[in-house]
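Hi everyone, thanks for coming. Let's take a few minutes to walk through a model together.

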Amino acid sequence: MIAPGSATGGVVDLRRYACPLTYVKTRIALERLAEGERLEVWLSAGEAVESVPRSAAEEGHRVLGVEALASEGGGYRILIEKGPAVGGELP
Amino acid sequence: MSVNPSALDDARLARFSRQLLVPGFGEAAQQRLAAARVRAVGADGVAAPALLYLVQAGVGRLWVDDPEAVSPQDVGSWLHPPSAVGTPRSTAAAEALSRLSGFVAVEPYPTGGVPTATLVAAPSAAQALHAAEAARRAGVPHVVMEADGDGGAVVSIPPGAPCYSCARSTGTGRPAVPGAAALAALAAEELLLLIAFPGTIAGRRFDLVRGVATARPTARLAGCACAAPAVMGP
């Protein structure tokens, strides 16, 4: 269970968005955090609940939890800890 | 604590989502593209694909600088329709490109306009040298493309790097193959990188031969005036 206060980097409610915007916004929010900070992402049920954690893990972040939102209108909450910067190929 | 996930609006995030997800790219890079004013010197059939790339990548403003008329050969490119033959390339390109994106202002180059970056795809070596030197003196990053058959060369010149005169080809090259777009795509990509990641790219030259690009750093020729600082910044 994701403990209250775990999201040291804040909470992003993306339940009204669909892919790819869900991960685009998650990625941008993670860009602003320092390594080790944790972001809680709220998503509506569907593809994004699988694709966002998978994409975050592929980019070197740690997915600490995925669980249903008991209140607040439903959906899922994903807790992600920012990993070390993954080197890109640009420029 | 609820956070605002982006400074870019949803329409821009959706439009540019593919490049925003490219490793190494990101929101700040996209914002720098959106803030750019790019002068494109040349809008013929060889340059046309580069203009398309710049618009689709989301530069904020594109000034097209080519007073010549659209020729029948230009129609073989990706931009100019047959109905544009005879109209100034600047106007024709601006009209065609404006239809592709609501996030980019495309217009003929205004007299006295001050760009923050320049793409030089001029049809003659003399024009290319003149435009590149103007960009160097203004202290703005610029990229020069030299067509040669289905390939050619692309020279990237960030502020302070060896100038185009130091790195240009000495021959004239063959006429560009109609419809060949790889060189223009490479030139556009280089300019986008110079804009999005200022200060991270040194001067370099790509030679594109049979679809294969090889890169090398550019070097300043002894005694070249580009060793002196630029006269003014952007």
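First, some housekeeping. Residues are numbered from 1 along each chain as its sequence is written, and chains are lettered from A, with ligands numbered from 1, in the order in which they are written. This is a predicted model, where local features need pLDDT of at least 70, side-chain atom pairs count only at pLDDT 80 or more, and totals for chains, interfaces and linings use all residues.

On confidence, the predictor gives the complex an ipTM of 0.80 and a pTM of 0.89. Chain B has a mean pLDDT of 92, with 94% of its residues at 70 or more; pLDDT is the predictor's confidence in each residue, from 0 to 100.

Now, chain A. Helices (H or I, at least four residues) and strands (E, at least two) are DSSP runs, numbered from the N terminus. Four strands of chain A make an open, mixed sheet, ordered β1-β2-β4-β3; strands pair if DSSP finds at least two bridges between them. At the edges sit β1 (11-13) and β3 (62-68) of chain A, each pairing on one side only. From one strand to the next, the twist averages 20°. Angles here run from 0 to 180 degrees between N-to-C directions, with axes fitted to C-alpha atoms, for helices over the stretch in contact.

β3(A) pairs with β4 (residues 76-81) of chain A in the antiparallel sense, over six bridges. Look for A:E67, which stands opposite A:R77 in β4(A). Helix α2 (residues 47-58) of chain A lies across β2, β3 and β4 of chain A, at about 170° to β3(A).

Over to chain B. How far apart are the end C-alpha atoms of helix α6 (residues 125-138) of chain B? They are 20 Å apart, which agrees with the 20 Å that its 14 residues should span at 1.5 Å a residue; the expected span is 1.5 Å times one less than the number of residues.

Its buried residues are B:A128, B:A131, B:A132, B:A135 and B:R136. Buried means 20 or more other C-beta atoms within 10 Å of a residue's own, with C-beta atoms placed from the backbone. Seen down the axis of α6(B), they fall within an arc of 140°, so they line one face of the helix; the arc is taken from the directions from the helix axis to the C-beta atoms. After α6(B) comes B:G139, with a positive phi near 75°.

Finally, helix α8 (residues 182-196) of chain B is mostly covered, with 13 of its 15 residues buried.

Definitions and conventions. Buried ≥ 20, exposed ≤ 12 C-beta atoms within 10 Å, placed from the backbone. Contact = placed C-beta atoms within 7 Å.
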